[in-house]
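Here's a walk through a predicted model.

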Amino acid sequence: MTENQTNTLGTASPEQYAAPHPRALGPSILKNYSFLAICYAVSRFVAFLALAYLARTLGVQHFGEINFAQAVVVYFTLATHLGLMTFGTRAIASGSAQMPEMVSKILPIRLVLAAGSYVLLALFSFLVPFSAEVRLLTLLFGIALFSGAAILDWAFKGVQRMVVVGIMEILRYVPFLVLVSLWVRGSADLYRVPLFWFISSAAAAVFGLSVLLYRYGTMRLTLDWNYAWQALRQALPLGVAFIMVQVYYLIDTIMLGVLKEPVEVGLYSAAYRMITFPQGFGGWYFETVFPVLSRLYRQERHRLTGFLSFSTRLTALAIVPLAVWGTFFAAPLLRLFFGPDYAGSAVPLQILIWAISVELVGMNFGYSLMACEREKDYLKAVSWGAATSVLLNLLLIPRLGIQGAALARGATEILIAALCWNWLRRTAGAQGLASLRVPVLGGGLMALCLMSLSSRLLGSLTGFAVYFLVVFVISPGPRRDLRAFLEGEL
């Protein structure tokens, strides 16, 4: 933020807005992440049940239409973001802005952007040759642009009130599951789905606003055009970066919908939904760590490199065994949750599992670039990734279908992670990836166990035991890291 903006917003009082002392990094992060992980597990499992129910109830084609319409709406959701959420979180976390005043100025901006975004969405839906069903679904899902813009999770992350963030996350999905399970019985109820999606999103927004008013008293929303211009100008690199992220997140689904049939979109969506669990747990970890990284960069920069190295090792240690296990059990998991009609999703799921693994390790570098106020470097990395994703999807989808879409995603994640790491090491001294040798070794031995034993249960138990033995018994590094983290010595 500029000096003028800091003066305009004021300085947070230590009593109301104090974040945990940097020396307590380990316990603070562990406490916040543990709560968020539980809430995330509940919310995403609920969301997954709702989607699995819809997949079975509506059939592959209608399920594909719903996912295609949601993917289109997500792009227009980005116009309500434009980096303002990350900009606000970083300002609150670093102590340069008070939470109520930041919300009172950013929330009106986001609501105005939501209105403009919905108008553009409506024009787009009529200009593009969608089917009548997809067009109506797109317009109905678009109503959630307004409720989504009013969700204040970004503000509560800034003051590390993760209890509120976690409850909001649950409220975004529990009403949706209840409503669709009660009132969606077949294709005739297709258009109720986006309405129920809006109701759930609105419930999370109302809860966050209620907590804010209860904790901080009355709040006067002010649409300050001068402030809006200054904030958008500073946040725009982040906003454009997030647009590029969504390009490579969703372009595979969009292009499958354009180049292939809705059935293939449905199959690919089933595989994609399976990876939302590890992706989400990783995402919540980085949402928890981001305010800490911002504070370290501003206040104790000498500790940033050590903490970043630890975080990279921790991410790899957690994701590798899940990726190995998921590769072997992709087909049974799809049959269990989505039914035999989705057997064709197995190979794309196996590819996507490893794509997300690379993404989660690379998030250490991407989030650190943003925390270190190097959003332009982050923008360059994800822009290259978005361009690569579009090109690879155009080349691979016509030839390989859903497998080609998954391969394009994997290649994109590798490129972005490599670029972010390269630019971060110039800023924060990011170290090499030699520390990944231990989880890779453990993962290789785990894979041998799964291939050698015919019993799935015995192979899984033996594989995880071998991985734990290699990582935490034979190798002393992870034990040292964990002890330093818990004792706040990083």
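Arg192 and Asp189 meet through their side chains in a salt bridge, with N and O 3.8 Å apart. Arg192 has 37% relative accessibility, so it counts as partly exposed, while Asp189, at 14%, counts as buried.

Now look at Arg409 and Glu359, another salt bridge, with 3.4 Å between the closest N and O atoms. This pair links distant parts of the chain: Arg409 sits in helix 19 (residues 402-427) and Glu359 in helix 17 (residues 346-371), 50 residues apart. Both Arg409 and Glu359 are buried. Searching the whole structure turns up six salt bridges.

On to the greasy parts. The largest nonpolar core has 110 residues, and Phe338 and Tyr378 have the most contacts inside it. Helix 3 (residues 25-77) supplies the largest share of this core, 17 residues. Another core, of 36 residues, lies apart from it and includes Ile106 and Leu152. Beyond its close sequence neighbours, Tyr378 touches several residues, among them Phe242, Leu369 and Cys420.

Last stop: helix 14, residues 276-299. Of its 24 residues, 19 are buried, so helix 14 is largely enclosed by the rest of the structure. It bends by about 30° at Val289, with Pro291 following within four residues.

Key: Residues are numbered from 1 along each chain as its sequence is written. This is a predicted model: local features need pLDDT of at least 70, side-chain atom pairs count only at pLDDT 80 or more; totals for chains, interfaces and linings use all residues. Side-chain values use heavy atoms; hydrogens and water are left out. Helices (H or I, at least four residues) and strands (E, at least two) are DSSP runs, numbered from the N terminus. The expected span of a helix is 1.5 Å times one less than its number of residues. The bend at a residue is the angle between axes fitted to the seven residues ending there and the seven starting there. Buried means under 20% relative accessible area, exposed over 50%, partly exposed in between (1.4 Å probe, protein chains only). A nonpolar core is a set of buried Ala, Val, Leu, Ile, Met, Phe, Trp, Tyr and Cys residues joined through side-chain atoms within 4.5 Å. Contact means heavy atoms within 4.5 Å. A salt bridge is a side-chain nitrogen of Lys or Arg within 4 Å of a carboxyl oxygen of Asp or Glu. Lists of a residue's contacts leave out its neighbours within four places in sequence.
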